[in-house]
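These notebook entries record what I looked up, in the order in which I looked. I began with strand pairing and then turned to charged side chains.

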Amino acid sequence: MSGKLGEILLKENLISADQLKQALDHQKQSGGRLGNSLVKLGFLSDDEVTAVLSRQYGVPSINLSYFEVDQNVIKLVPMETAAKYQILPLSRVGSSLTVAMVDPTNVFAMDDIKFMTGFNIEPVVASESAITEAIKKHYGSAEEAERKKEIEEIVSFIDEGQAESVELEAEDEASLNLAELEKAAEEAPVIKLVNYILTDAVRRGASDVHMEPYEKEYRVRYRIDGMLQNVMHPPLKLRDAIISRVKIMAKLDISEKRLPQDGRIMIKMMHNGKKKQLDFRVSVLPTLHGEKIVMRLLDKENLRLDMTKLGIEPESLSKLQKAIFKPYGMVLVTGPTGSGKTNTLYSSISQLNKPDTNIVTAEDPVEFQLPGINQVQMKEQIGLNFAAALRSFLRQDPNIILVGEIRDFETAEIAIKAALTGHLVLSTLHTNDAPSTISRLMNMGIEPFLVATSVHCIVAQRLTRRICAECRTEEEVAPQVLIDAGFTPEEVRTVKVFKGAGCPACGNKGYKGRLGLYELLEITDEIRELILVGASALEIKKKAIEQGMIALRRSGLIKVMNGLTTLEEVFRETVL
């Protein structure tokens, strides 16, 4: 049976002309194939579409949800090829490979797969949605199996004979032979294992790698979407060799095992078909059972410099932009380590980065290099700290100054004086919310009148995990729980709460990616009055909310209402 799918369906009275028109409009907007649009709109089931496609193309159809796919056959065709042509290899008999296809007439796809595998291709037809789902399911599990196999191969690569040369006595570290350490670090299995850990962290989208020695085990964990996950347990006998290898890569002193050290590793790797340059910030800390290593992955591609994409509510964003475009004054960003403060600051100065503007930054460390901005790396050991850098900056004719962090009275005092003498100063502080930042500055010893006149805006922020878009499902939550969370009784009647069920795309976690929660305190005349009379952070917060400030918890609830995150994530990061 030949002809277009729509015509065949009309001819067989499976859909009406009006339904066909709706499906064609949906296809134009969403892309994909007509059959997929008909299924999404609920006009036909997957099986009905597949049966018609089978008759249209004259090839057998298959329901992939009932078919057991051979994992060895999956490995014959790369995931990129399967996704590109919307195909799935199913089984092999002799020199024939059975492949499920959305379009069995695609000769280019069949030629490519035949050339790639060396087998004759036997096509069967399946629906677009079924093949998309099957690709995620089978390639996800195949990748996981491949990863486990790779780790096992690397570890088994180190047999007893090889281990002799890298086994080091922990008790006698003081008399450790440096040449032995270097030799152990250069053993092929150790190099392969460390390289694997670094590249696997990138593939999985980790932000940090933790390598931790304990009395009876050696543990490697990745921080993915803000949560630490166990990845592997390399043999304990390799502990010193692995530590030495990382130290050599980071250009650190491998003989120094008593003091903390910091360094950087730059690597180039192929990722998703393109060459990436990656930067790992390495921190080595002596612990009871050896040195713990934490590597922070600095990937420039993850840096979002477009402020509209940070997830700040529109009303808060307009207040922040108003503050950063003022010619002088101070804008502070607060929050715990790893809450995205650097990203917010970099986004702000990227907007201000014009040829007629002189921007200087003092950072510890410089995380990302931004063109057109004069960035200075702090070096405490030679006396170059934030206060010293700030004093020097004022003689450099700056328009905008970014101070990595205000840690002490001296830095705070110089930064505030700079803000009062015609410079825009951006900086960070570690406080729980925006109003308590004012109390923190005054506790450092800054006079209330200086805080009131210099600070224009304070942003408090947190990062929560984002619900995986592939497995997002609605969740039933008791109305009282929603009211206790902070929703109004009116909102409780209409709000829909979602969660991630878990799928291969998110590693069965239910979350993929992160988004920010933001609390923006604009220093209005009324807030200034409260600061001058020494009001508490609670009073300042109450007045700010009256004036329209979106608190951190409220920002989280807005994200829950929009189906972007879960209540558990909001409870984890915010308080009422």
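In which sense do S1 and strand S2 pair, and over how many bridges? I note at the outset that I am working from a predicted model.

**Entry 1: the sheet.** I found that S1 and strand S2 (residues 96-101) pair in the antiparallel sense, over six bridges. Within this pairing, I located Val-93 opposite Ser-96 in S2. I then traced the whole sheet, which is open and consists of three strands in the order S1-S2-S3, with mixed pairing. Strand S1 (87-93) and strand S3 (120-125) are the edge strands, each pairing on one side only. From one strand to the next, the twist averages 30 degrees.

**Entry 2: the helix on the sheet.** I next asked which helix packs on this sheet. It is helix H7 (residues 107-117), which touches S1, S2 and S3. The direction of H7 makes about 135 degrees with that of S3.

**Entry 3: salt bridges.** I recalled that side chains of opposite charge can pair when their charged atoms come close. I examined three of them individually.

**Entry 4: Lys-247 and Glu-291.** The side chains of this pair meet in a salt bridge at 2.9 Å, N to O. I recorded both Lys-247 and Glu-291 as buried. Both residues also belong to a network of salt bridges that links Arg-239, Asp-240, Lys-247, Lys-257 and Glu-291.

**Entry 5: Asp-279 and Arg-264.** Here the side chains meet in a salt bridge at 3.0 Å, N to O. The pair links distant parts of the chain, with Asp-279 in strand S8 (residues 274-287) and Arg-264 in strand S7 (residues 261-271), 15 residues apart. Are the two partners buried or exposed? Asp-279 is buried, because its relative accessible area is 12%, under the 20% limit. Arg-264 has a relative accessible area of 28% and is therefore partly exposed.

**Entry 6: Arg-572 and Glu-569.** In this salt bridge the closest N and O atoms are 2.7 Å apart. Arg-572 and Glu-569 are three residues apart in helix H24 (residues 567-573), so about one helical turn separates them. I found Arg-572 partly exposed, with a relative accessible area of 39%. Glu-569, at 2% relative accessibility, counts as buried.

Conventions. Residues are numbered from 1 along each chain as its sequence is written. This is a predicted model: local features need pLDDT of at least 70, side-chain atom pairs count only at pLDDT 80 or more; totals for chains, interfaces and linings use all residues. Side-chain values use heavy atoms; hydrogens and water are left out. A salt bridge is a side-chain nitrogen of Lys or Arg within 4 Å of a carboxyl oxygen of Asp or Glu. Buried means under 20% relative accessible area, exposed over 50%, partly exposed in between (1.4 Å probe, protein chains only). Helices (H or I, at least four residues) and strands (E, at least two) are DSSP runs, numbered from the N terminus. Two strands pair if DSSP finds at least two bridges between them. Axes are lines fitted to C-alpha atoms, for helices over the stretch in contact, and angles run from 0 to 180 degrees between N-to-C directions. Contact means heavy atoms within 4.5 Å.
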